[in-house]
Amino acid sequence: MEAWFQLQTLIWLFPIVFIFHDFEEIIMAERWFTANTANLRRRLPKRWADRVLEQFSMSTAQFTVAVLVVFLFVSSSTYMANQYLQGGPLGNLRFFVVCTLVLFLHIFTHLGQAIYFRSITPGSITSLILLLPYSLALYHTLLEEGIITWSTILLCLPYVLLAVPVVLLAHKTGKTLIRTEARTVL
């Protein structure tokens with residue numbers, strides 16, 4: 001019974017750690033991109049820099065809407081994982097595994113960015129002190145309790161690529177719903 005409660009706690013912590021991480025990004029992103037535009041242009045090939053700046057040139061409000069869209073996936077996957085453990089009609093553990101894998105792999109993009117740019121980048125702090133320990137504890141518990149196997153993880157891994165269009169759509173939604181004055185950080 002204690003292991004079940006621990007597993008339930010870890011599952012329900014997913015949207016909480018996600019939102020703490022994304023609060024860091026929401027708070028830092030606009031200011032960081034404005035302050036580091038020249039550094040991005042200097043350090044990245046022109047084509048990459050243009051794409052990064054085009055994709056992430058958004059106001060804090062626009063980025064917050066994008067986070068909300070992604071949060072809908074995070075929270076629904078959490079609910080479905082809980083339903084799976086309880087034998088509920090909407091139970092689906094693989095969707096949860098895919099979503100948590102996206103977040104786990106996202107950690108390394110933040111840490112890589114921080115190393116590459118030699119600075120604290122939006123999301124790098126919570127990636128290291130919150131997401132990494134959470135992800136390791138979650139997967140350790142899921143594997144230890146026999147809820148998933150390494151095969152489950154490997155089968156879910158290709159579906160992580162589906163997060164790319166979801167994130168792009170979330171960014172477009174934020175930019176569409178929240179119109180701001182034309183701001184050019186390019």
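These legends describe close-up views of a predicted model. Residues are numbered from 1 along each chain as its sequence is written, and local features need pLDDT of at least 70, whereas side-chain atom pairs count only at pLDDT 80 or more and totals for chains, interfaces and linings use all residues. Side-chain values use heavy atoms, without hydrogens or water.

**View 1. The fold has seven helices and zero strands.** Helices are DSSP runs of H or I, at least four residues, and strands are runs of E, at least two, numbered from the N terminus. The order from the N terminus is α-α-α-α-α-α-α. The radius of gyration is 18 Å, close to the 16 Å from the globule rule for 186 residues, so the protein is as compact as a globular protein of that length. That radius is taken over C-alpha atoms; the rule is 2.2 Å times the number of residues to the power 0.38.

**View 2. The largest pocket has a volume of about 1400 Å³.** Of its 44 lining residues, the closest to the centre are Phe56, His106, Thr109, Val167 and His171. A pocket is an open set of points on a 1 Å grid over the protein atoms alone, where a 1.4 Å probe fits, with protein on both sides within 12 Å along at least five of seven lines; lining residues have an atom within 4 Å of a point. The volume is the space filled by probe spheres set on the points, which are joined across faces, edges and corners.

**View 3. Helix 4 gives the most to the lining of the largest pocket, eleven residues.** Helix 1 (2–43), helix 2 (46–56), helix 3 (60–86), helix 4 (93–117) and helix 7 (163–177) each supply at least two.
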